Amino acid sequence: MLPTLVGVTLIATESLTKTYGGGVTALADLTVAVEPGIVGLVGANGAGKSTLIKILLGLLTPTSGRVRVLGLDPTTDSAAVRARVGYMPEHDALPPDLTAAELVTHLGRISGLPRTVARERASEALRHVGLYEERYRPVGGYSTGMKQRVKLAQALVHDPDLLLLDEPTNGLDPVGRDAMLALVHRIGTEFGISVLVCSHLLGEVERICDTLVAIDGGRLLRADRISAMTSVTDVLAVEVSEGTDELAARLAALQLPVRRDGRLLLVELADDHTYDLILGAVAELDLPLHRLDQRRHRVAELFAAREPSHV
Amino acid sequence: MSEPTGVIHDIGYQRYTGPRLGRRHVFGALYLHGLRTAFGLGRSAKAKIFPWLVLGIVTVVAAGVTAVRSQIGEVVMTYAQFADNMSWLVIFFVAVVAPELVSRDLHSGVLPLYFSRPLPRGDYALAKLAALGSALWLLLGAPQLVMFLGAAFTTTDGMSGVWNELLDLLPGLVYAALWAVVFASVGLLIASLTGKRAFAAGGIVAVFLMTAPIVGILSIMPSRTVNELAMLGSPTALVHAVGRYTLGDLLIPGGQTEDQIGGFGPVYVAAAVLLVAGCVALLLMRYRKVAAR
């Protein structure tokens, strides 16, 4: 699955492997290519998400394999990559006695912005993440949600082309999570900045992403556009109180892909005609129809190991 | 999930197309930030107390020395001796400011924010080192300037008197720079090992003060060579020995330089250079490791 270089590839890795000193393999033969947009990187804790981000930033050198970010190689050209990338780390990263305005301005200067520009862009970035008057107070007194916003603002201050967000919703309450996700979605769609969002919660990132990359134990589980994943997962669930097998046979005879799930029959939904075919089949067999409804599979089910059957 | 496009927003996000400055400017920004931090500028009032208290003490001492000299005509201490006499204050200043510069960053976890930017790992450490060194040099150099101004305005020898004072001042400032470089590199290395400021401060004071007895013991050993090399035992004594060798009677009026260090002057100079180089190398190694985390 070599990256076909159609358009601009945002991130591309080829047989990327990272083994730490103790023989721990964090990434194993990872080959993936994603296009610009909002990319969700999902995996359990320890799946290799943070290692991948650090390799993308050029902070870690891969053991083997190749990697490209925005067309640049972070192992040899890390300064150029980092100039165009904004990084929001997972853990606490804010000195408590500085104000948000001072900190973001200072970090803007470290990214190479001239002094006055850094100050302007810092207040702009803080405004975009929803911090106004609070930005003149020391960060130590902020709530978790405000701190996460400051971390996001410092990643935005130098106008990067790519944001790497490591668990941006960590420690937030449900309302805070929604607000953060909405903010990330806005950055990806309105600001014209590509975003890689790391999370161990698939249900969270699938709401805002164009592309999903799932890794487990350092290996690629699946990488695809969300649209491609969800289009094949629209199914109709049919339940009849008796004659389930007869109906299944009849539907199969009608060339409909059908499979059993307990008392349910799941039929892939091609178009509205599928409804008519099913209703027709039920009527012909004179079966008592319990229910017929459309299910939008959550992407989570695509990764679930308990589904060996093809979807 | 996709939202309707074409919605009008009040003020949208502005892309930045202006200049992005290079490595030198970034280094300069970090250096200035460090220098300001050293004196508590842009920080809380509490952070300003200690640096300005120390700065106040050394200035008052310098003013007093100048006053005594202009009134009585007695030279209480030379420019170079001033640095020696203030060494205790310098040690405490390093013990407070070095952790402020690096331990705080380690503790708050802000380093990933630095190292994810186009800032080479070594530049962070070197900018902090330069900031601490400059702060120490200012601490020792500014009072000498006060002494110089006092002497220059009260001299009875006209311009040649001013010129002679200047010739005394310059070696004093160079000697202050030596103090600054040695203390900054040792102090910053120790502070960079821990995120706990109290531990870092304790470690720095321990290294500078606890090594003093080593010099004492070595200097009473029954071997002349050991006695003459005794001042290698502590950073403070080492700097003093280099001063004795290079400055001679500017530091020790009356010139008994040969008594304590014998012919080992060059050894002391080499040791000082090695100490600084070693500390800087270890500091750079330390940050190579920190950045990868």
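Guide: Let's start with one rule: two strands count as paired if DSSP finds at least two bridges between them. Keep that handy, and remember that this is a predicted model.

Visitor: Okay, so in which sense do strand 1 and strand 2 of chain A pair, and over how many bridges?

Guide: Strands in a sheet pair through backbone hydrogen bonds, in parallel or antiparallel fashion. Here, strand 1 (residues 11-19) and strand 2 of chain A go antiparallel, with 6 bridges between them.

Visitor: What is the strand order in the open sheet of chain A?

Guide: The order is 2-1-4, three strands with antiparallel pairing. Strand 2 (25-34) and strand 4 (64-69) of chain A are at the edges with a single partner strand each, so each has one side without a neighbour in the sheet. Going from one strand to the next, the twist averages 20°.

Visitor: Which strands does helix 1 of chain A lie across?

Guide: Helix 1 (residues 49-56) of chain A lies across strand 1, strand 2 and strand 4 of chain A, and its angle to strand 1 of chain A is about 115°.

Visitor: Further along chain A, which strands does strand 12 of chain A bridge to?

Guide: Take strand 10 (residues 234-240) of chain A to begin with: 4 bridges tie it to strand 12 of chain A, antiparallel. In that pairing, Val238(A) has Leu265(A) as its bridge partner. Strand 11 (residues 258-261) of chain A also runs antiparallel to strand 12 of chain A, again with 4 bridges, and there Asp261(A) is partnered by Leu264(A).

Visitor: How many residues lie between strand 11 and strand 12 of chain A in their hairpin?

Guide: There are 2 residues between them, and in the turn Gly262(A) has a positive phi of about 70°.

Visitor: Which residues of strand 12 of chain A are on the covered face, and which on the uncovered one?

Guide: Leu265(A) and Val267(A) make up the covered face of strand 12 (residues 264-268), while Leu264(A), Leu266(A) and Glu268(A) sit on the uncovered one.

Visitor: What about chain B: how many helices and how many strands?

Guide: Chain B has 13 helices and 0 strands. Its C-alpha trace spans about 85 × 50 × 30 Å along the principal axes. Of its 293 residues, 39% are buried. Among chain B contacts with a separation of 6 or more, 75% are between residues 24 or more positions apart.

Note on methods:
Residues numbered from 1 in each chain as written. Chains lettered and ligands numbered in written order. Predicted model: local features only at pLDDT ≥ 70, side-chain atom pairs only at ≥ 80, totals over all residues. Buried ≥ 20, exposed ≤ 12 C-beta atoms within 10 Å, placed from the backbone. Contact = placed C-beta atoms within 7 Å. Axes fitted to C-alpha atoms, helices over the stretch in contact; angles between N-to-C directions.
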